[in-house]
Amino acid sequence: MILRDLINRASRSLRSAKGRTILTALAIAVGTFALTLTMAASNGATAFVNKIIAENFDPSELIVTADESIFGRGDTTKPREYDPSFGMGVANSGATTQVKRLTEEDITKLKAIDGVESVREDLQINLHYITREGQKKYVATAATFNPAQKPELVAGSIPQPLDGERVLLPEGYISALGFSSAEEAIGKTVIFSVQKPLSPAEMMALTTSGATPEEIANQAQTNSQQFEYKIAAVMRKPVTAQPGTDLYLYIGADDARKLNDITTAGTTNYRKFNYVFVKVKDGTNEKSMAEVQNKIKNLGFISQSVKETQEFLTNIIGVLQGIVAAFGAIAIIASVFGIVNTMYISVLQRTREIGLMKALGMRKQDIGHLFRFEAAWIGLIGGVIGSLTAVVLGVALNPWITQKINLGEGNSLLIFRPIEIIILILILMLVSILAGWLPSRKAAKLDPIEALRTE
């Protein structure tokens with residue numbers, strides 16, 4: 001019997017027992033539904049992370065630190081020897097911890113490495129407040145603008161380079177600072193106020209004058225300096241920005257360094273950095289990147305490339321998706337027993353039919369193939385029902401989910417890839433064939449005379 005005839009006959013046999021076939025296929029469909037959605041969510045999450053990385057980091061830069069705990073590594077259970085460069089950091093768990101920081105001397109060493117193009121300090125300065133003439137004061141954080149960033153602008157343009165006390169203002173400050181529109185804000189001036197720590201001489205003067213601790217604290221609170229910054233551009237509320245940076249005001253590196261020096265002068269934080277960004281010459285070349293990483297390691301520092309950061313994030317997504325996929329796989333494994341049961345019942349119910357087919361000359365091999373094709377049909381039907389349901393539901397709900405979790409325009413949580421779905425269905429058919437192997441073997445071995453005598 002030719003292959004096509006066997007496939008058609010297997011299809012007809014299943015159609016003759018529609019209820020049983022559909023119920024068995026639905027068990028497979030449940031697992032397929034879960035796995036299809038898991039793959040789509042994994043694709044969407046990975047694409048979103050890749051977009052965040054691409055729009056906020058320069059792939060030719062390395063993140064360099066003096067303390068591996070910055071990257072969540074290292075043994076934090078043992079005491080560490082004191083070093084003046086230690087300062088406050090935040091562990092992956094969110095706990096405040098002491099981390100070894102980079103100093104000006106360390107940065108000089110990094111700049112001297114052959115293959116290093118530049119070293120960029122990533123500074124965030126907590127302003128005393130931001131305001132403008134006649135308006136309320138608001139808390140704000142100013143940060144160094146990374147040239148690799150690609151913020152979406154509502155108005156204005158980003159100067160190259162961003163310097164001369166110019167600022168990129170988030171859209172959220174427009175109405176708060178009294179502007180009627182983003183366009184109106186371009187070229188206008190805002191005031192940055194930064195707090196200056198009291199110098200040792202000022203502290204001594206207050207102490208000798210008999211000032212109480214409350215009076216000294218009040219003096220420190222009002223010891224501030226104001227700067228005028230011109231608005232160069234207004235940024236739309238970011239979708240792919242790092243979490244927590246939605247209202248960052250971006251300024252040039254020199255301006256950020258000046259403000260940081262004022263706010264940290266006389267403190268242990270003066271010109272100390274948890275990490276810096278090291279730009280590598282020809283950094284998109286993996287060999288060049290690896291050579292510089294080795295040189296940085298030989299100096300006792302720890303580095304991580306943007307690619308490694310991206311892999312770390314996608315690995316976390318992979319673990320989470322793996323947990324969800326495991327539940328889908330369990331559902332499919334459970335459905336395997338359903339296929340075995342269905343096929344055994346089919347063999348028992350069709351014993352006389354099998355005997356007749358053999359009596360008419362059908363080979364044992366073809367009988368086995370016939371039942372394995374029936375199992376494959378069940379896998380195909382279950383796979384198609386499950387994946388189609390997942391795709392239809394996912395496509396219908398995608399806009400709503402995207403809006404609810406604020407992924408932004410152009411992003412989707414669920415991304416379906418046809419090739420993945422086709423491979424999944426083929427795997428399900430293979431699993432179904434394996435599940436139907438024993439029943440098909442039983443059918444193939446039936447004695448035709450005994451089978452025809454069966455009532």
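Visitor: Does Ile330 count as buried or exposed, and at what relative accessibility?
Guide: First, a word on the source: this is a predicted model, where local features need pLDDT of at least 70, side-chain atom pairs count only at pLDDT 80 or more, and totals for chains, interfaces and linings use all residues. Residues are numbered from 1 along each chain as its sequence is written, and side-chain values use heavy atoms, with hydrogens and water left out. Buried means under 20% relative accessible area, exposed over 50%, and partly exposed in between (1.4 Å probe, protein chains only). Ile330 therefore counts as exposed, at 53%.

Visitor: Which helix holds Ile330?
Guide: Helices here are DSSP runs of H or I with at least four residues, strands are runs of E with at least two, and both are numbered from the N terminus. Ile330 falls within residues 306–349, which form helix H9.

Visitor: Where is Arg271, and how exposed does it count as?
Guide: Arg271 sits in the loop between helix H7 (253–264) and strand S12 (275–280). Its relative accessibility is 26%, so Arg271 counts as partly exposed.

Visitor: What is the phi of Asp282?
Guide: Most residues other than glycine have a negative phi. Asp282, in the loop between S12 and helix H8 (286–298), is not a glycine, yet its phi is positive, at about 55 degrees.

Visitor: Is the peptide bond from Gln160 to Pro161 cis or trans?
Guide: Pro161 belongs to the loop between strand S7 (153–156) and strand S8 (166–170). Most peptide bonds are trans. With omega near -5 degrees, the bond from Gln160 to Pro161 is cis.
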